[in-house]
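Dear colleague,

Please find below the structure that I am handing over to you, together with its sequence.

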Amino acid sequence: MSVFSANSSSVTVNGETVPGVQAIDYRQMRDQGEIYALGSAERIAVQYGAMRVEGRVTVASANPAMDGLSNTGETFQLIARLAHGETSRSVAFDECHMVDKQFAMSTGGAGETVYAFTAVRVREEDESGGD
C-alpha cells in the first residue's frame, strides 16, 4: 500500500510547476452496457465502451498559466507526481481541456481556485519503491 503526502507531491502543467496546489482529484469512468439473455432478468455479459477522465486541481488564490488555459481552449498536459518518502507515482493526464473554473474566498480565509478539466487518457506509473 502507498500513502502519498501533499507536502511531498507536485503538479506540472505543460512542464511548468503549479505553485500553491492544495488538492487534486480525478475519476476515470468507462461506459458499460449490460447484456441479458432472452427471457431472463439476469445479466450474462458486459460490453465496455468509451472512457472518460475528469479531474480538478485546487490552487491557493489563482494560477495565471491555468487561467490562460481556461480562456483559450488550448489542450495541455497535466502531470501529478505523488510522493511520500521513497515512494512516488506519476499520474499523467494527456490532451486535457479546461472545462470549468471556480473561485471562492471566505471571511478570514484565503482565496482558492478550482480548475476542472477533462483528459483523453490518464497514465499511472510507479516510479520507486511502491507496491
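I begin with the largest pocket, whose lining is formed by A6, S9, S10, V11, T17, V18, V21, Q22, A23, I24, A80 and L82. Strands β1, β3 (21–36) and β5 each give two or more residues to that lining. The volume of this pocket is about 220 Å³. By class, 8 of the lining residues are nonpolar and 4 are polar, while no charged residue takes part. Please bear in mind throughout that the model is a predicted one.

The nonpolar core

The largest nonpolar core has 20 residues, and those that touch the most other members are V13, M66, F76, L78, F93, C96 and F117. At least two core residues come from each of β1 (5–13), β4 (43–60), α1 (64–72), β5 (76–84), β6 (87–104) and β7 (112–119).

Leaving out residues up to four places away in sequence, L78 touches V11, T12, V13, I24, V57, V91, A92, F93, C96 and F117. V11 and I24, which are among these partners of L78, also belong to the lining of the largest pocket.

M66 is located in helix α1. Its relative accessible area is 1%, so M66 is buried, the limit being under 20%. With residues up to four places away again left out, M66 touches V13, V18, V57, M98 and Y115. Of these partners of M66, V18 is also one of the residues that line the largest pocket. By contrast, the C-alpha atoms of M66 and D31 are separated by 29 Å, although the two residues are 35 residues apart along the chain.

The aromatic residues

How many aromatic pairs does a search of the whole structure find? The search gives 3. In one of them, the ring centres of F76 and F117 are 6.4 Å apart and the planes stand at 65°; because an angle over 60 degrees counts as edge-to-face, this pair is assigned to that class. F76 belongs to strand β5 and F117 to strand β7, so the pair ties together parts that lie 41 residues apart in sequence.

F93 is buried, with a relative accessible area of 0%. Y26, F76, F93 and F117 together make up one aromatic cluster.

Two further buried residues

T113 is part of strand β7 and is buried at 2% relative accessibility. Apart from neighbours within four places in sequence, T113 is in contact with V57, T58, V59, S61, A62, K101, Q102 and F103. T113 and Q22 are 91 residues apart in sequence, yet their C-alpha atoms are 9.6 Å apart in space. Q22 is one of the residues that line the largest pocket.

S90 lies in strand β6. Is S90 buried or exposed? With a relative accessible area of 15%, S90 falls under the 20% limit and is therefore buried. Setting aside neighbours within four places in sequence, S90 is in contact with I79, A80, R123, E124, E125 and E127.

Backbone points

N14, which is not a glycine, has a positive phi of about 50°. N14 is placed in the loop between β1 and β2 (16–17) and is partly exposed, at 45% relative accessible area. S61, likewise not a glycine, has a positive phi of about 65°. S61 is found in the loop between β4 and α1, and its relative accessibility of 41% makes it partly exposed. S61 is also one of the contacts of T113 described above.

With kind regards

Note on methods
Residues numbered from 1 in each chain as written. Predicted model: local features only at pLDDT ≥ 70, side-chain atom pairs only at ≥ 80, totals over all residues. Heavy atoms only, no water. Core = buried A, V, L, I, M, F, W, Y, C linked by side-chain atoms within 4.5 Å. Buried < 20%, exposed > 50% of the residue type's maximum accessible area, 1.4 Å probe, protein only. Helix = DSSP H or I, 4+ residues; strand = E, 2+ residues; numbered from the N terminus. Contact = heavy atoms within 4.5 Å. 1 Å grid on protein atoms, 1.4 Å probe; cavity = no way out; pocket = protein on both sides within 12 Å on 5 of 7 lines; lining within 4 Å. Points joined across faces, edges and corners; volume = space filled by probe spheres on them. Nonpolar A, V, L, I, M, F, W, Y, C, P; charged D, E, K, R; others polar. Phe/Tyr/Trp six-rings, centres within 6.5 Å; stacked < 30°, edge-to-face > 60°.
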